[in-house]
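Okay, everyone, thanks for coming.

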Amino acid sequence: MCPGQDLNLHTAIGTTPSKWRVYQFHHLGNLSDKNSYFLTRHKCFMLLFCYFYSCICFQNQNTCLYLNLQTTTKLMIALNEKDRILLDSKAITESQVNEQIERFKKGYSFVNLYAPALISKGIIRLNTLELNEMISFFDANKGFYTITKFVPASGAASRMFKNLYAFIEKYKDTPIPDDFLLQENPPFDSPENFFINLQNFAFYDDLKSCLSEKGMDIEQLIAKKELVKIVQTLLEDGLEYGHAPKALLKFHRYEDRNRFAVEEHLVEAATYARSNENIAKLHFTISPEHREAFERIVAETKSIYEKKFGITYDISFSEQKPSTDTIAVDLNNEPFRNDNGSLLFRPAGHGALIENLNDLKEEIIFIKNIDNIVPDRLKEDTFKYKKAIGGYLLYVQQKTSKYLELLADGNVTEDELAEIVEFSKERMLIDLPIYFGTFSEIEKIDFLFSKLNRPIRVCGMVKNEGEPGGGPYWVKSPEDEISLQIVESSQMDLQKESQEKIFHEATHFNPVDLVCSTYDFTGEKFDLTVFVDERTGFISVKSKDGRDLKAIELPGLWNGAMADWNTIFIEIPIITFNPVKTINDLLRPNHQ
């Protein structure tokens, strides 16, 4: 929409053909009054446009026009009966398959970085007074909301053990050097460091018992340098950590018992996801092959913390939906078929979890990665800043609802409009275009309504100290809209000097520590799939059965999957970020 055009009509999200495109007439008033507003020039035009596409409907009080832009797609691949049965079993349509193959051919565009998000320029830094105010606001208001904690936990731990698998390959048929365990300062992530500090891992006792059951003594194995047997028992024919998800690895040692990673999330939820009725809700996304183990371990451990914290846990699980799988192709963009002739579909990355998030009924959702946890002695900072970003979310959510009610009614005074503009810029970090000042009052009302009536996420950001991960940036869309986004380096065109410069100017990165509001001002749940920017996925090259293939990764859950949300960045301290990417990360002081 260019400056000077009638901005009473807004596009909530651009889509590709064969998807729904949503247009909102923000200033229609109540449904009972809508007819009087349809007589303006642009709305009459839109009605004709809708008639042309023969599909108009209104949704509840949001007064939206849903235009079915689906066109007949010529079948681009030949499908046999087995292919169609497979598609039906996954609830995937032929049209979706064709769109994905077309996407392989066209590729994805890089994100256009506009500027790094910096302190006071896209990232909010709370002073001590503000921090305490937000914590108090959260504690005082959380009882008015339903809250849950959402933890993506399907990721396998196998990548944590890359160096140990390499160790097995190197020494399974080769003697280990005599001085292998005698190095004074071995590299931190080395197998040598792993074995030297083996007793400091929370799983040591389990490993020792497992070896004992097989008739082996762990100390004698170490003395004889029969270390391959130890690693094989840990990863394969024993504890099977090489095939387990991170959630079901023992992370931390305590005097009474050592804890699985999943247990630490139960402890956290007891503090900030606890209702006034003393119920703490958690939701884990898992892989189907691990469901039984998850349910068993949670059932065995949750009563310990229910008794300790005087609460009841409401824990649920979901799996990535088969309908979000994407077809794989060969390097010529032809469908990749397995050795038995069947089409190969692959999970499309954590962006597919927007469907799981969309299914949750709670109003406030905390999101955190499974491996970003610390022992109890370091949890205080985690609790403090979780409540702080939660308090900020509740504050802006309440303000936003109040302002949206005013904007929807249309009777906004000049002072009220100025107040909403200030709030949008300073508190919501919404970029208002330079031509906003040229709008009429009704255009300003409609513009602000379209910007504020969206899901909200408040994301903690930590100072960049060399850790890998996405970062906070101002991004310019193809429609020339500027907004705050979390962008991965794989989404950037770092061959362009201007983009590389912005990348290196960034001061913070994303630790995946966020809290979300997913209901609108009328109390209706947003359809989160409407706010995904489908243009922000990417294509990766992998292999199967010795053959190269290409796979689509859907827009990341906190990247493109939330691109059209209202995004607020708040600085949090590095102490709140303690990921475990390799097994030796558990030897760091913050995990001991």
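First, a definition: the expected span of a helix is 1.5 Å times one less than its number of residues, and helices here are DSSP runs (H or I, at least four residues; strands are E, at least two), numbered from the N terminus. This is a predicted model, so local features need pLDDT of at least 70 and side-chain atom pairs count only at pLDDT 80 or more, while totals for chains, interfaces and linings use all residues. Residues are numbered from 1 along each chain as its sequence is written, and side-chain values use heavy atoms, leaving out hydrogens and water.

So, α12, residues 291-309. Its 19 residues should span 27 Å, and the end C-alpha atoms are 26 Å apart, which agrees.

Which residues of α12 are buried? Phe294, Ile297, Val298, Thr301, Tyr305 and Glu306, with buried meaning under 20% relative accessible area (exposed is over 50%, partly exposed in between; 1.4 Å probe, protein chains only).

Now the core. A nonpolar core is a set of buried Ala, Val, Leu, Ile, Met, Phe, Trp, Tyr and Cys residues joined through side-chain atoms within 4.5 Å. The largest one has 101 residues, and Val262, Phe284 and Leu357 are among those touching the most other members. Helix α14 (residues 379-409) gives the largest share of this core, 11 residues. Apart from it lies another core of 35 residues, Phe195 and Val580 among them.

Last, α14 also supplies four residues, the largest share, to the lining of the largest cavity.
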